[in-house]
Amino acid sequence: MTPILLLGAGRMGGALIEGWRKTEAFAPADLIIRDPSATPEAFPGAVVNPPLEALSAAKVVLLAVKPQIWREAVKDVVPHLAPDAIVVSIAAGVRAADISQAFGGRRVARVMPTTAVAIGQGAASLYADTPEALDAAKALFAPVAATVELADEQLMHAATAVSGSAPAYLYAFIEALEAAGAGQGLTPEDSARLARATIVGAAALLAQGGEEPAELRKQVTSPGGTTAAALSVLMGDGGFGDLLPQALAAAVKRSEELGG
């Protein structure tokens, strides 16, 4: 598995490096980082921006650049890679066949992770058409994420909408909840403290209790009470049941566009 070559050490690449460090899945010495913005000081112990000839040592290549620039980012790298290097891509929407072609026919896995890999609590959807590529993807992400293996690459678009993009949905909800609380008279600070602690606690209950979200919702919803009144809006016409399918459809459409 090692050395691992990271093409891109931005938000997601950096989150993975941090997650691997915290879980001790991979040490900095296992990593070769190629990113024009990376410095040895930012990634102590890793090999940062070495000569292209040094890339031939990489067993796995993690493609972690923005999907709009991936072709440009790999152009000068490919000729220097070992023939049996496996490529694991987290570039949203970019098809495995296109990546494999750009990498000279090398085996490819695709992954859609969340940034919570930085604390070892991410989620990652995996797809590969060879067992070796799938094993490589699992080795990289299983230590830092709950993983789901997809049988059809086309499902990566849906996985992106449900998981890869979903942390932003939650953060947007919390933003709106804080603002609404302030609108009802709470100070912005008190509203933020209450909203954030409540969401974190509710997520922790979901994670450890093993109960379905619907059951947890019912447990805090008394008939005719305040929660029921709020849910009649959130789950009524124009609420979550209408908005989320529209939101996911927009995300899937954009994922498909990014894939060309």
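**Confidence.** I began with pLDDT, which is the predictor's confidence in each residue, from 0 to 100. Helices (H or I, at least four residues) and strands (E, at least two) are DSSP runs, numbered from the N terminus. With that settled, I found the lowest confidence of the protein chain in helix 2 (residues 70–74), at a mean of 92, and the highest in strand 5 (residues 86–89), at 98. The chain average is 95, and 100% of the residues score at least 70.

**Ground rules.** I noted that this is a predicted model, where local features need pLDDT of at least 70 and side-chain atom pairs count only at pLDDT 80 or more, while totals for chains, interfaces and linings use all residues. Residues are numbered from 1 along each chain as its sequence is written, and side-chain values use heavy atoms, with hydrogens and water left out.

**Whole chain.** I counted 10 helices and eight strands in the protein chain. Its C-alpha atoms fill a box of roughly 70 × 40 × 30 Å along the principal axes. I then checked burial (buried is under 20% relative accessible area, exposed over 50%, partly exposed in between, with a 1.4 Å probe and protein chains only). Of the 260 residues, 38% are buried. For contacts I used heavy atoms within 4.5 Å. Among contacts between residues at least 6 apart in sequence, 60% join residues at least 24 apart.

**Annotated span.** I looked up the UniProt record, an unreviewed entry, which places "domain: Pyrroline-5-carboxylate reductase dimerisation" on residues 153–258. Such annotations may be inferred rather than shown by experiment; positions are in the numbering used here and feature names are shortened. In the model, that span is 80% helix and 0% strand, and its end C-alpha atoms lie 14 Å apart.

**Helix 5.** Next I went to helix 5 (residues 155–164), where M156, H157, A159, T160, A161 and S163 are buried. I saw these buried residues pack against strand 6, strand 7, helix 6 (166–183) and helix 10 (240–258).

**Q121.** Where does Q121 lie? I found Q121 in the loop between strand 6 (108–113) and strand 7 (122–128). Is Q121 buried or exposed? Q121 counts as exposed because its relative accessibility is 61%. Leaving out residues up to four places away in sequence, Q121 touches A116 and V144. I also took the C-alpha separation of Q121 and I17, which are 104 residues apart along the chain, and got 14 Å.
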